[in-house]
Amino acid sequence: MQIKTKAIVISALKYQEKSLIVKCFTLSHGLKSYFVRDAFSNRKSNQKMAYFQPMTILEIEANHKNKGTLEHFKEIKIAAPFQSIHSDIYKSTIVMFISEILHHSIHEEEKNESLFEFLEAALHWLDEHDEMANFHLILMLEMTKYFGFYPDVSDIDMPFFEMNEGVFTPFHAIGSLTEHETHLFKKLIQLKLDSNQKVFHVIERQLLLKILIDYYAYHLDGFKRPKSLDVLKEVFS
């Protein structure tokens with residue numbers, strides 16, 4: 001099947017000496033993996049590798065056999081070049097982290113156009129703004145809407161958040177956040193990308209990040225702690 005679609009790069013792994021296996025979240029077919037032969041074999045290698053940096057948005061033409069094997073690109077080009085995401089240390093660290101979160105969160109080859117469009121818009125926002133200290137926290141929370149476990153806010157005035165059920169409760173249970181953690185979590189729920197980025201201290205951000213990673217682990221089978229987490233903490237400390 002010949003397809004033409006947008007795709008967000010999730011990961012690119014070197015295969016043998018010259019090739020790549022590139023995992024993409026596509027607009028039309030969800031998660032797909034592609035084999036790029038001879039990615040490192042000529043003078044255009046650096047140019048080719050630029051296509052496959054984390055969270056790059058591509059326009060691709062590809063042959064999809066849909067047999068559970070690696071697919072192949074026919075043509076690729078960058079859909080809209082980022083101006084700062086891959087050159088700014090803070091932004092590049094964020095997208096590396098987010099790409100890992102997506103790698104451990106999306107497993108099925110099913111399209112999710114609303115998630116794709118949300119990620120595309122969020123990445124363009126990140127590229128255009130310099131105040132982004134809470135971006136990864138807001139993004140992780142918002143993505144739970146598309147994964148099916150966004151917190152139930154109908155009882156948000158209750159003092160404790162129960163992680164397993166995703167609800168606010170009047171009593172502290174085994175899977176509940178503390179009252180202080182719940183207070184921070186409520187503040188995060190109310191934030192938007194354009195909100196004041198200084199609403200949290202560094203330690204509060206790190207606590208919220210731990211809460212979100214734990215929350216993902218509660219709800220997604222096989223979810224793993226991202227390897228880039230320590231780098232993210234270091235950069236934003």
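## Burial and a charged pair

A residue is called buried when its relative accessible area is under 20%. In this predicted model, both E71 and K32 are buried. These two residues form a salt bridge with each other, and their closest N and O atoms are 3.4 Å apart.

Side chains of opposite charge can pair when their charged atoms come close. Across the whole structure, a search finds 8 salt bridges. One of them joins the side chains of D130 and K91, with an N to O distance of 3.6 Å. This pair also links distant parts of the chain: D130 is in the loop between α3 (113-128) and α4 (135-147), K91 is in helix α2 (residues 89-105), and the two are 39 residues apart.

With a relative accessible area of 13%, E142 is buried. K145 is partly exposed, because its relative accessible area of 43% falls between the limits of 20% and 50%. K145 has a further contact: its charged end sits over the ring of Y150, at 5.1 Å from the ring centre.

## Aromatic rings

A pair of aromatic rings is described by the distance of the centres and the angle of the planes. The structure holds 16 aromatic pairs. Among them is the pair of Y15 and F35, whose ring centres are 5.8 Å apart and whose planes are at 80 degrees. Why is this pair edge-to-face? The angle of 80 degrees is over 60, so the pair counts as edge-to-face. Y15 lies in strand β1 (residues 2-15) and F35 in strand β3, so that the pair, 20 residues apart, links distant parts of the chain. Y15 is partly exposed, at a relative accessible area of 36%, whereas F35 is buried, at 14%.

F147 and F149 form another aromatic pair, which is stacked: the centres are 6.4 Å apart, with 20 degrees between the planes. F149 is buried, with a relative accessible area of 7%. Both rings also take part in a cluster, in which ring pairs link F147, F149, F161, F168, F185, Y215, Y216 and F223.

## Paired strands

How do β1 and β4 run relative to each other, parallel or antiparallel? They run antiparallel, and 7 bridges join them. Within this pairing, I8 has I57 of β4 as its bridge partner.

Strand β4 is also joined to β5, by 6 bridges, and these strands run antiparallel. Here the bridge partner of E61 is E75, in β5.

Technical notes:
Residues are numbered from 1 along each chain as its sequence is written. This is a predicted model: local features need pLDDT of at least 70, side-chain atom pairs count only at pLDDT 80 or more; totals for chains, interfaces and linings use all residues. Side-chain values use heavy atoms; hydrogens and water are left out. A salt bridge is a side-chain nitrogen of Lys or Arg within 4 Å of a carboxyl oxygen of Asp or Glu. Buried means under 20% relative accessible area, exposed over 50%, partly exposed in between (1.4 Å probe, protein chains only). Helices (H or I, at least four residues) and strands (E, at least two) are DSSP runs, numbered from the N terminus. Rings of Phe, Tyr and Trp (its six-membered ring) pair if their centres lie within 6.5 Å; planes under 30 degrees apart count as stacked, over 60 as edge-to-face and the rest as tilted. A charge sits over a ring if NZ of Lys or CZ of Arg is within 6 Å of the ring centre and within 35 degrees of the ring normal. Two strands pair if DSSP finds at least two bridges between them.
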